[in-house]
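Visitor: I have a structure to go through and some questions about it. Please show it first.

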Amino acid sequence: MFFAKNRNLKKYVDGIYPITNACKNDKNINKVNGTIGSLYNEENVIVAYKTVYQALRNLSNENIASYASGSFGNKDYNDAISNYVLEDRINNYRTIPTPGGTGAINMAINMCLEKGDSIILPEVAWGNYKNIALEYDLNVLTYDIYDLDSLLILLDKLDKIFIVINSPCQNPCGLSYTFEQWKRIVDYLNNCNKEAIILNDVAYMDYSYNQNYKDYFELFNHLNNNVLILIAYSCSKAFSFYGVRLGSLFVIHNDKIFLDDFINQCARRARATYSNVNNGAMKTIVELLNNHYEEYISEKDYYISLLKKRSNIFINECKDNGLDIYPYNEGFFVTLKFDDNNIRDEAFEKLFKEHLYFIKMNKGIRVGICAIPIKDIYGLAKRIKSIISG
Ligand SMILES: Cc1ncc(COP(=O)(O)O)c(C=O)c1O
């Protein structure tokens, strides 16, 4: 009753918060909280960048109180975030602000897919992609992010391609595609003679350990007309804006008239759903990037090094203890590999009983090194291995 007839009434179950809560309530001194998806410092406190929040505090109350300048977003924010993310590397693009990276992903799907269409997701992936796909009644297909050969075989079978690529710093495996791997995908799409859309989710991009992590953008300047690139950008991780809700969708295609039409449709959709995004948040980013860029980057660099230290320790100890993980390049998470979800469940329960809290993924258990202090990472792989083998 009362629901629209086409409303998908499958019960929504939040997989993360019950575990996070159980962990919070556990008073055991040996507990490890690897459930968190935000960056925490060595004192177990969320990192809120000083430079970002100083810029926010410098805004006038009136600036925070005001509406944004419309659904297309504030021009100065669109300019500042484009310079920051794309760095003049892309020739033909348009952008629109969104409520977080989630808003950008939802917008992209809303624009391009309808009920029954196929969406291709990583087999081991951020769970919310499936949730969004369910909202739109899409047919979910999955690919092994480590096996591009089979991905291309899958793409061959489809009439229209819409693929989500979460690289660099994939959640939850920490994979980043090389320039050559990206080239292989883009070359294939350029020559596939059908509509092909890449939704490139770059939520964790700003924590790459690699100097050249944006080089693959160059490939987006050599697209055939059948290819559309949508970059979903999140301010949540880069600017410690998790709760503030700001992001951007970047749309890349050869045809500038099409780009204008696409953004126009996005703006109409924005107006009809959330209207416009947080004005104070956009103003903060403009102030930060235009006037405090160097300080902000050095503040963030410190945490990239910290993340690198944490991941090095954990990965090396996984190797030493024969703990099977998905090949990791960089990013917030490392994931234990399980081919069988029943075995994963057993392992998860054992770890839970021993006060080690992580997040269950399809064929994996995600360890949030983004929030585990170094002192707790030392010895963690050994503890995990002996618990799950016991
Ligand atoms: C892979 C991935 N993409 C996108 C997002 C969206 O982030 P938000 O909507 O908080 O900006 C997240 C958040 O955790 C994520 O893990």
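Visitor: Which strand is joined to strand 3 by five bridges, and in which sense do the two run?
Guide: This is a predicted model. In it, strand 3 has five bridges to residues 139-143. Within this pair, Ile120 stands opposite Leu141. The partner is strand 4, and the two run parallel.

Visitor: What is the handedness of the β-α-β unit that contains strand 3 and strand 4?
Guide: The helix of the unit is helix 6, residues 128-135. Together with strand 3 and strand 4, helix 6 makes a β-α-β unit that is right-handed.

Visitor: How many of the residues of strand 3 are buried?
Guide: Strand 3 spans residues 118-122 and is mostly covered. Leu121, found in this strand, counts as buried because it has 24 C-beta neighbours inside 10 Å, where 20 or more are required.

Visitor: Which helix gives the most residues to the shell around the ligand?
Guide: The ligand is surrounded by 13 residues, and the closest are Gly100, Gly101, Thr102, Ser234 and Ser236. By class, the shell has three nonpolar, nine polar and one charged residues. The element that gives the most, with three residues from the stretch 100-112, is helix 5.

Visitor: Why is one side of strand 9 and of strand 11 left without a neighbour in the sheet?
Guide: The sheet is open and antiparallel, with three strands in the order 9-12-11. Strand 9 (334-337) and strand 11 (359-361) are therefore at the edges, and each has a single partner strand. On average, neighbouring strands of this sheet are turned by 30 degrees against each other, direction ignored.

Visitor: How many bridges pair strand 11 with strand 12, and which residue stands opposite Met361?
Guide: Strand 12 covers residues 364-367, and its pairing with strand 11 is antiparallel, over three bridges. The residue opposite Met361 is in strand 12 and is Gly364.

Visitor: At about what angle does helix 13 run to strand 12?
Guide: Helix 13 covers residues 341-353 and lies across both strand 11 and strand 12. Its angle to strand 12 is about 40 degrees.

Visitor: Is Leu323 buried or exposed?
Guide: Leu323 is in the loop between helix 12 (293-320) and strand 9. Beyond four places in sequence, Leu323 touches Cys318, Leu336, Ala381, Ile384 and Lys385. Because there are 21 C-beta neighbours inside 10 Å, Leu323 counts as buried.

Visitor: How far apart in space are Leu323 and Ser298?
Guide: In sequence, Leu323 and Ser298 are 25 residues apart. Taken from C-alpha to C-alpha, their separation in space is 34 Å.

Visitor: Why does Tyr177 count as buried, and which residues does Tyr177 touch?
Guide: Tyr177 lies in the loop between strand 5 (161-165) and helix 8 (179-190). Tyr177 counts as buried because it has 20 C-beta neighbours inside 10 Å, and a residue needs 20 or more. Not counting residues up to four places away in sequence, Tyr177 touches Ser167 and Trp182.

Conventions:
Residues are numbered from 1 along each chain as its sequence is written. This is a predicted model: local features need pLDDT of at least 70, side-chain atom pairs count only at pLDDT 80 or more; totals for chains, interfaces and linings use all residues. A residue is buried if 20 or more other C-beta atoms lie within 10 Å of its own, exposed if 12 or fewer, and partly exposed in between; C-beta atoms are placed from the backbone. Helices (H or I, at least four residues) and strands (E, at least two) are DSSP runs, numbered from the N terminus. Two strands pair if DSSP finds at least two bridges between them. A crossover is right-handed if, with the strands pointing away from the viewer, the path from the first strand over the helix to the second runs clockwise. A residue is near a molecule or strand if its C-beta atom, placed from the backbone, lies within 6 Å of it. Ala, Val, Leu, Ile, Met, Phe, Trp, Tyr, Cys and Pro count as nonpolar, Asp, Glu, Lys and Arg as charged, and the others, Gly among them, as polar. Axes are lines fitted to C-alpha atoms, for helices over the stretch in contact, and angles run from 0 to 180 degrees between N-to-C directions. Two residues are in contact if their C-beta atoms, placed from the backbone, lie within 7 Å.
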